[in-house]
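Biologist: I would like a close look at one part of this model, and then at how the rest is put together around it. Please keep the wording plain and give the cut-off behind each term.

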Amino acid sequence: MAKRQADPKSALADLEAQAESIRKELQVPKQSDVFRAAVEAGYLASLADGEVDEAELATMVRAIEILSAGVVVEWETETLLAECAEHEKLQGAAARAEAVGKQLAQLGQAPVGLYFASLVARASNGIDKKEADVLKAVGAAAGLSSDAVRDIVKKAGVLT
């Protein structure tokens, strides 16, 4: 299946328009740990088509900056995404998706983390079936039902 070509600029504009309400949802205990796990989940979803190209990385960096209200600066985000790539390279995407899901469950923030991951994945170029499957794997490892995962990913896709 070909990757759906969403307009990243449109996705970022949607994020910017909804950023304040999204940030309120993302204000959770151990926010930095949730944030790291969610960024990795979003990275893994974006990688589902086989690569995360420079444009996708730049869009993810911008989306993370928007969602973090500037708390995470570009160089920190780039470093975090490089760490995600290294983890995936060493352990594989499926193992990392499971580990990230379990981490979100341990933090007690699986829905919030998956929502953030979905927003990051959506901003990079939309969410196609392969990316949705990765998000489902993260959600399943976090103990979320398939219906809950579907609803979270759908919510991120439409930003209502």
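Biologist: Where does Ala 132 have its place?

Modeller: Ala 132 has its place in helix H7. Helices here are DSSP runs of H or I with at least four residues, numbered from the N terminus. The model is predicted, and local features need a pLDDT of at least 70, side-chain atom pairs count only at pLDDT 80 or more, and totals for chains, interfaces and linings use all residues. Residues are numbered from 1 along each chain as its sequence is written, and side-chain values use heavy atoms, with hydrogens and water left out.

Ala 132 is buried, at a relative accessible area of 16%. Buried means under 20% relative accessible area, exposed means over 50%, and partly exposed is what falls in between, with a 1.4 Å probe and protein chains only. Leu 114 is 18 residues away from Ala 132 along the chain, and their C-alpha atoms are separated by 11 Å.

Ala 37 is in helix H2 and is buried, with a relative accessible area of 2%. Leaving aside residues up to four places away in sequence, Ala 37 touches Val 100, Gln 103 and Leu 104, where a contact means heavy atoms within 4.5 Å.

Val 100 belongs to helix H5 and counts as buried at 0% relative accessibility. With residues up to four places away in sequence again left out, Val 100 touches Ala 37, Glu 40, Ala 41 and Val 138. From Val 100 to Ile 127, 27 residues along the chain, the C-alpha separation is 19 Å.

Glu 40, one of those contacts of Val 100, also takes part in a salt bridge with Arg 96, the closest N and O atoms being 2.7 Å apart. A salt bridge is a side-chain nitrogen of Lys or Arg within 4 Å of a carboxyl oxygen of Asp or Glu. Arg 96 lies in helix H5 and Glu 40 in helix H2 (residues 31-46), so the pair ties together parts that are 56 residues apart in sequence. Both ends are buried: Arg 96 has a relative accessible area of 11%, and Glu 40 is at 5%.

By this rule the count of salt bridges comes to nine. Another of them joins the side chains of Arg 62 and Glu 16, at 2.9 Å from N to O. Arg 62 lies in helix H3 (residues 54-67) and Glu 16 in helix H1, so this pair ties together parts 46 residues apart in sequence. Here the two ends are partly exposed, with relative accessible areas of 35% for Arg 62 and 43% for Glu 16. Glu 65 joins Glu 16 and Arg 62 in a network of salt bridges. A further salt bridge is made by the side chains of Arg 150 and Asp 151, at 3.2 Å from N to O. Arg 150 is partly exposed at 46% relative accessibility, and Asp 151 is partly exposed at 42%.

Next, the nonpolar side chains. A nonpolar core is a set of buried Ala, Val, Leu, Ile, Met, Phe, Trp, Tyr and Cys residues joined through side-chain atoms within 4.5 Å. The largest such core has 51 residues, of which Leu 15, Val 39, Tyr 43, Leu 67 and Phe 116 touch the most other members. At least two residues of this core come from each of H1, H2, H3, helix H4 (74-91), H5, helix H6 (110-125), helix H7 (129-141) and helix H8 (146-158). H6 supplies the largest share, ten residues.

On rings, Lys 155 lies over the face of Tyr 115, at 4.8 Å from the ring centre. A charge sits over a ring if NZ of Lys or CZ of Arg is within 6 Å of the ring centre and within 35 degrees of the ring normal.

Last, confidence. pLDDT is the predictor's confidence in each residue, from 0 to 100. The protein averages 84, and 90% of the residues score at least 70. Where pLDDT is low, the predicted coordinates should not be read in detail.
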